[in-house]
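The entries follow the order in which I looked things up.

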Amino acid sequence: MSRAIRWQDAINAILGVILFITPFVFTDMSQRAAVLTGYVGGALLFVFGAGSLLFRWDTRIEVLPLVEGVLLFLAPWVLGFTGNTGMAWSAWVIGVLAFISSGSALIMGGNMMRRSTATH
């Protein structure tokens with residue numbers, strides 16, 4: 001339990017929550033690809049971020065949200081919901097932010113803040 005607390009984990013969890021609620025805000029529920037991208041992508045980002053924050057997973061786990069960021073960025077084109085500009089822009093922006101956040105965690109090695117432990 002001596003792994004550093006990473007601010008990137010909290011950012012990924014927050015991005016996951018935001019992406020999860022975007023279908024309610026930006027799309028009608030008939031656009032299945034956009035809705036599923038929001039729900040599945042948001043849930044995965046939240047699990048990766050919150051799981052890493054709470055359970056202090058190894059820094060190498062940041063590869064998963066890094067890949068997810070790329071997939072989210074490509075999703076509007078691949079799944080065909082670029083016409084829904086609100087959902088498409090949400091996927092693009094959150095994909096880029098998840099990529100940057102996870103990439104910085106990998107580059108920095110997670111040494112941003114240390115959780116104080118009382119080990120003697």
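**Entry 1: basis.** I am working from a predicted model, in which local features need pLDDT of at least 70, side-chain atom pairs count only at pLDDT 80 or more, and totals for chains, interfaces and linings use all residues. I number residues from 1 along each chain as its sequence is written, and side-chain values use heavy atoms, with hydrogens and water left out.

**Entry 2: the chain.** I looked up the secondary structure and found four helices and zero strands, the order from the N terminus being α-α-α-α. Helices (H or I, at least four residues) and strands (E, at least two) are DSSP runs, numbered from the N terminus. Of the 120 residues, 43% are buried; buried means under 20% relative accessible area, exposed over 50%, and partly exposed in between, with a 1.4 Å probe and protein chains only.

**Entry 3: α1 with α2.** Two packed helices are described by the angle between their axes and the distance between the axes. Axes are lines fitted to C-alpha atoms, for helices over the stretch in contact, and angles run from 0 to 180 degrees between N-to-C directions. For helix α1 (residues 7–26) and α2, I find axes that come within 7 Å and cross at roughly 160°. The two are therefore roughly antiparallel (angles over 145 degrees; under 35 is roughly parallel, 65 to 115 roughly perpendicular, the rest oblique). The crossing of α1 and α2 is left-handed, that is, the near helix is turned anticlockwise from the far one by less than a right angle, whereas clockwise would be right-handed. By class, the residues of this contact are 16 nonpolar, eight polar and one charged. Ala, Val, Leu, Ile, Met, Phe, Trp, Tyr, Cys and Pro count as nonpolar, Asp, Glu, Lys and Arg as charged, and the others, Gly among them, as polar.

**Entry 4: α2 with α3.** Helix α2 (residues 32–55) packs on helix α3 (residues 63–79) at about 175°, the axes being 11 Å apart. This pair is therefore roughly antiparallel. From α2, I list A33, T37, V40, G41, L44, L45 and F48, which meet L64, P65, E68, L72, A75 and L79 of α3. The contact of α2 with α3 holds ten nonpolar residues, two polar and one charged.

**Entry 5: α3 with α4.** The axes of α3 and α4 cross at roughly 160° and come within 7 Å, and the crossing is left-handed. Among the contact residues are F73 and W77 of α3 and W92 and F99 of α4.

**Entry 6: two residues.** Is S101 buried or exposed? S101 lies in helix α4 and is buried, with a relative accessible area of 3%. Leaving aside neighbours within four places in sequence, S101 contacts Q8, I11 and N12. G80 sits in the loop between α3 and α4 (85–108) and is exposed, at 60% relative accessible area. I note that G80 and Q31 are 49 residues apart in sequence and 9.8 Å apart in space, C-alpha to C-alpha.

Definitions and conventions
Contact means heavy atoms within 4.5 Å.
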